[in-house]
Amino acid sequence: MTDRMPDIVSADEWGLFEDSPLKVISGPCSAESEEQVMRTARQLKEAGIKVFRAGIWKPRTYPGSFEGVGAAGLEWLKKVQAEYGLKVATEVACERHVRECLAAGIDLLWIGARTTANPFLVQEIADALVGTDAIVLVKNPVNPDPDLWAGAVERIYRAGIRKLGIIHRGFSTVDRKVYRNDPLWSMAIEMHSRFPDLPFFVDPSHIAGRAEYVSEIAQRSLDLGFEGLMIESHCNPAAALSDAEQQLTPSQLGEMLSCTLVVRSKDSDSPQWKNNIHELRARIDILDEEILRMLSSRMEVSRQIGRYKKENNVAILQTSRWDEVLASVLEKGRAQGLSESFIKDIFNTIHEESVEAQNRILSGPSSGRQ
């Protein structure tokens, strides 16, 4: 499914990034004081950053936590604009936030993950944006629900916003392993494919949860062809009032951007590249067609099994048989260099579809035989 938005304005035309091949928005998780904001902004400008971000309204899990300085922070962001010439961005979560930001001349607004999960709030924000030329980014919802994310994007688009983009910041999970939030890159790729016209940013800070992992997440984003990054940076991360562990210093960020990250081109003018990639993609197309034919054949066999089970009054699920099948394909997959998780995902999906096909047969009209 593709939702084309051909009238979306390219991020290159937002007047924020000066046609940079890598579009970076950076600043502290929270604006904590005027001194902290100005010091961080000055250091980020020295590191080459063009767009400064800082949260002034902070949705927190527990009351009593630092929930931002509120509208007072808008004056600090205006001072960043005036003294350092940086564009400024902040998060909005309701109509009042939008109106106060627009009145203050904030250059970019973003909708956070918790707000994206609430269609009522997103619609309230969309209504406040009608008739404006605002630049708006929409983060993914906390939970992995692509339709909820897409719905939020469409609400803002229907409000007439054409300088619109999305931010992938990962998804909350109870099974935390290395990162704070699960990247679920497959869902990011799905959204990028679904909305190919939208500028796509990634928030490595919220995915990583720790400063040491920000670089690898950022590089993965660039390798996938996403064009922008939102990275948290604080002049003194150890003293930060929120998200201290995931914030880089401006000097660390500058070093990462200039020395560590490799920016990938979207295409190449090399004739050799074009010939080789055309040939390889043609081979992929042929293989994909063959996979579809084989899947169709497999499903037909599953349906035959379903009809046979119905004739003999046998239950659909045969757990021991499926355990044998999965063990066999995992062993064969490993021998061919395929990851266990990849094989499990594919064959469990095939099995679920086969069970559903057989269920439709067993629940359908009887042929008369029991």
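Me: What makes the side chains of E340 and R334 a salt bridge?

Reply: Happy to walk through that one. In this predicted model, the N to O distance between E340 and R334 is 3.1 Å. The cut-off is a Lys or Arg side-chain nitrogen within 4 Å of an Asp or Glu carboxyl oxygen, so the pair qualifies.

Me: Why is E340 called partly exposed?

Reply: Its relative accessibility is 37%. Partly exposed covers what lies between buried, under 20%, and exposed, over 50%, so E340 belongs there. R334, with 46%, is partly exposed by that rule.

Me: How do you know that K79 and E83 meet in a salt bridge?

Reply: The N to O distance is 3.9 Å, and the limit is 4 Å, so the pair counts. K79 and E83 are four residues apart in helix α2, which means about one helical turn separates them. In general, residues three or four places apart in an α-helix point the same way, because a turn takes 3.6 residues.

Me: How many salt bridges does the rule give?

Reply: The count comes to 25.

Terms used
Residues numbered from 1 in each chain as written. Predicted model: local features only at pLDDT ≥ 70, side-chain atom pairs only at ≥ 80, totals over all residues. Heavy atoms only, no water. Helix = DSSP H or I, 4+ residues; strand = E, 2+ residues; numbered from the N terminus. Buried < 20%, exposed > 50% of the residue type's maximum accessible area, 1.4 Å probe, protein only.
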